[in-house]
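Please open the structure in your viewer and keep the sequence beside it, so that each selection can be followed in both.

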Amino acid sequence: MMTFDFEPLVPAGAPAPTAKWKGLARYNFIGGNNDPDGVPVEGLTAAAQAVLTREGRDLATYGLNSGPQGYRPLREFLAKKLARDAGIKTSFDDIMLVSGSLQALDLVNGALLARGDTVICERDCYEGTLNRYKKLGVNVVGMPLDKDGMRMDVLEAALAELKAKGVRPKFIYTIPTVQNPTGTILSLERRHQMLALAERYGVPIFEDDCYSDLTWSGERPSAIHALSKTRNVIHIGSFSKSIAPALRVGFIVAPWQIMARMLALKTDAGSGALEQMVLAEYCAAHFDTHVSELRKRLQKKLDTLVDALGEQFGTAAEFDYPPGGIFLWVKLPDNVDIMRLNEAALAAGVAINPGPNWSADPVWSRSRMRLCFASPSHEDIRAGIAVLADVCNKEFGVPTRSANVARSGNA
Ligand SMILES: Cc1ncc(COP(=O)(O)O)c(C=O)c1O
């Protein structure tokens, strides 16, 4: 049969086509996936049954009876939770539910960015965010981090330098609480400093807070949004990391002026209502118990990963033990070209996230990788890291010892 050729019809400037999905690697350390055993399946099933029985007829109306910002009981849950946990005093009216915080990124970007604009972000940063800026033709100025998050001395200098060049960045994008990929938490003092700088230079802050429920201690500093006195912060969050990413439920907290702009860009007649209804029903009763269990579960996985890296890589793998989250940001010796390791590891069934995709500075991140420890089992973490060490040794001669036994090393 002749196959119709669509290609000549695709307009110039369309994104490059996506490669077909070939399944997950045998040892999968990539993506922001969660622990399958941590999904509260029974609770979600009961919540679905209860809410559908009670309110299922509302599905007949676009947006249920809640309007374009999403299911009101879930927004009410969020308003209470944000006040209690993040110090954000807001009403359900200032919250919009979206299809994962990825849609939040698109809406904020759509409302504020044009080709040639400049944004500031952490030097090591979420790939989904960096890719969006690249696609939009936006200049990215990456700020280095230390153990307390983005460095404010460098931010101050960068803002001054940009101003001297006549550039006013559109916003400072930050993942302040359990940063992706470094896992750092921006200290309270620096949150105040960032706000002072933002106000001085007339630059708003875009706070991406999707990991903030996952600190091992259960403690977190107030959100930057909560500390602002001028309502210059757009705050986004997600249920992907606290409940499950495939649900695709995220949210935006923003002043009405910019919310109204984003609503005008959200042309899908609302995000999936069933997920929002089930989450509202489940979270009102069970969120806290679920998340405190999940934190323990995730930290145990992190400990297995740290152990496996110690055993297989020894001192060749350097990292700071993160205070929460689902990722470990690892530095290998300088001679390891992580893009090459990535390819060789994939061929051996191990998927890692190479640092250059997670950084505004590909030279700095050349020997770094991000490992997600939430989704593989404890056994797969151990076995996967052993295979990775083998591949790394064959390609680069490191690590030279594993489990205290010398390796020959070909490189
Ligand atoms: C910092 C950050 N922002 C946004 C997202 C997108 O998450 P989702 O769309 O699942 O809410 C992720 C996912 O890993 C992330 O790490």
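The tour below begins with the whole chain and then goes from one selection to the next.

**The whole chain**

This is a predicted model, in which local features need pLDDT of at least 70 and side-chain atom pairs count only at pLDDT 80 or more, while totals for chains, interfaces and linings use all residues. Residues are numbered from 1 along each chain as its sequence is written, and side-chain values use heavy atoms, with hydrogens and water left out.

Show the protein chain as a cartoon, and you will have 11 helices and 16 strands in view; helices (H or I, at least four residues) and strands (E, at least two) are DSSP runs, numbered from the N terminus. The radius of gyration of the chain is 22 Å, close to the 22 Å that the globule rule gives for 411 residues, so the chain is as compact as a globular protein of that length. That radius is taken over C-alpha atoms, and the globule rule is 2.2 Å times the number of residues to the power 0.38. The C-alpha trace spans about 65 × 60 × 60 Å along its principal axes.

Of the 411 residues, 51% count as buried, where buried means under 20% relative accessible area, exposed over 50%, and partly exposed in between (1.4 Å probe, protein chains only). If contacts between residues at least 6 apart in sequence are considered, 72% of them join residues at least 24 apart, a contact being heavy atoms within 4.5 Å.

**Helices H2 and H9**

Next select residues 72-86, which form helix H2, together with residues 273-313, which form helix H9; their axes come within 8 Å and cross at roughly 35°. The axes are lines fitted to C-alpha atoms, for helices over the stretch in contact, and angles run from 0 to 180 degrees between N-to-C directions. On the H2 side the contact is made by Pro73, Leu74, Phe77, Lys81 and Arg84, and on the H9 side by Gln276, Leu279, Ala280, Cys283, Ala284, Phe287 and Asp288.

Now stay on H9 and select Gln299, which is placed in that helix and counts as partly exposed at 26% relative accessibility. Not counting residues up to four places away in sequence, Gln299 touches Trp216 and Tyr321. The C-alpha atoms of Gln299 and Trp216 are 6.9 Å apart in space, although the two residues are 83 apart in sequence.

Leaving aside neighbours within four places in sequence, Ile88 is in contact with Ala79, Leu82, Ala83, Ala223, His225, Ala226 and His235.

From there move to Ala316, in the loop between H9 and strand S11 (327-331), which counts as buried at 14% relative accessibility. Ala316 touches Lys331, Leu332, Pro333 and Pro399, residues up to four places away in sequence not being counted.

**Two cis peptide bonds**

Pro399 is the next selection, in the loop between helix H11 (378-396) and strand S15 (401-402). The peptide bond that joins Val398 and Pro399 is cis, with omega about -5°. Another cis bond runs from Asn180 to Pro181, with omega near 15°, and Pro181 lies in the loop between S7 and helix H6 (188-201). Most residues other than glycine have a negative phi, and most peptide bonds are trans.

**Residues with positive phi**

Select Arg231, in the loop between helix H7 (224-227) and strand S9 (233-238); Arg231 has a positive phi of about 50° although it is not a glycine, and it is exposed, with a relative accessible area of 53%.

**Helix H4**

For the last stop, select residues 127-136, helix H4, in which Gly128, Thr129, Leu130, Arg132 and Tyr133 are buried. These buried residues pack against helix H3 (100-112) and against strands S3 (118-122), S4 (139-143) and S7 (172-174). H4 is followed by Gly137, whose phi is positive, near 70°.
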